[in-house]
Amino acid sequence: MRVFAQVVALIRYCARSVDPEGMKCVSEEETHTRLTAWVRGRVQGVGFRWWTRSRALELGLVGSASNLADGRVEVIAEGSRDHCERLLAALRSGESPGSVEHVAERWSDPKGGLRGFVER
C-alpha cells in the first residue's frame with residue numbers, strides 16, 4: 001500500500017510538471033527560472049514597486065523590485081517559467097501605476113536564496 005501511495009504522489013507531481021510534448025516528468029528545478037526585467041517610464045514614486053510586489057506574490061514568486069538611479073525599476077523574480085512570464089506580461093500590460101514605456105528582460109538560471117518579494 002505504501003508503494004502505491006508513492007506512485008500516486010509521483011503521478012500527481014508529474015501531472016503538474018510535464019514537458020511541452022507531455023512525454024516526461026520535468027523536475028521542479030528544471031521548471032524554475034530567474035527573470036530580470038528593467039522597466040522604463042514614469043515608474044518611480046507612483047506605487048509601481050508595490051503593485052509589482054502584489055502581482056509577484058499572487059503568482060507565488062520570490063524576488064525584488066528596486067528603484068535604479070537612472071529612473072528605471074529593476075524587477076528580479078524567481079519561480080516557475082509560466083508565472084515569471086505572467087509577471088512579465090503584467091509589467092507590459094499598461095495596468096500598472098505610472099506609465100511604462102519599455103520593458104527589457106533577461107532570463108537565467110535561478111540563483112535561489114530569495115525569500116518573499118521585497119521593495120527596495
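Colleague: Is Gln44 buried, partly exposed or exposed?

Modeller: Gln44 counts as partly exposed, because its relative accessibility is 30%; buried means under 20% relative accessible area, exposed over 50%, and partly exposed in between, with a 1.4 Å probe and protein chains only. Please note that this is a predicted model, in which local features need pLDDT of at least 70 and side-chain atom pairs count only at pLDDT 80 or more, while totals for chains, interfaces and linings use all residues. Residues are numbered from 1 along each chain as its sequence is written, and side-chain values use heavy atoms, with hydrogens and water left out.

Colleague: Where is Gln44 placed?

Modeller: Gln44 lies in the loop between β1 and α3. Helices (H or I, at least four residues) and strands (E, at least two) are DSSP runs, numbered from the N terminus.

Colleague: Which residues does Gln44 touch, not counting those up to four places away in sequence?

Modeller: They are Asn67, Leu68, Gly71, Arg72 and Val73, where contact means heavy atoms within 4.5 Å. The C-alpha atoms of Gln44 and Arg72 are separated by 7.3 Å, although these residues are 28 residues apart along the chain.

Colleague: Which backbone oxygens does the side chain of Gln44 reach?

Modeller: A polar atom of that side chain lies 2.9 Å from the backbone oxygen of Arg72, and the backbone oxygen of Gly71 is reached at 3.4 Å.

Colleague: Changing topic, how many aromatic pairs are there in the whole structure?

Modeller: The search finds 1. The ring centres of Phe48 and Trp51 are 6.1 Å apart and the planes are at 35°, so the pair is tilted. Rings of Phe, Tyr and Trp (its six-membered ring) pair if their centres lie within 6.5 Å; planes under 30 degrees apart count as stacked, over 60 as edge-to-face and the rest as tilted.

Colleague: Are Phe48 and Trp51 buried or exposed?

Modeller: Phe48 counts as buried at 1% relative accessibility, and Trp51 counts as buried at 9%. Phe48 and Trp51 are separated by about one helical turn, because they are 3 residues apart in helix α3 (residues 48–58).

Colleague: And which residues have the most contacts inside the largest nonpolar core?

Modeller: That core has 20 residues, and those with the most contacts inside it include Leu61, Val75 and Leu87. A nonpolar core is a set of buried Ala, Val, Leu, Ile, Met, Phe, Trp, Tyr and Cys residues joined through side-chain atoms within 4.5 Å.

Colleague: Which element gives the largest share of this core?

Modeller: The largest share, 5 residues, comes from α4.

How values were computed. Polar contact = N/O pair within 3.5 Å; in protein donor to acceptor, adjacent residues only side chain to side chain.
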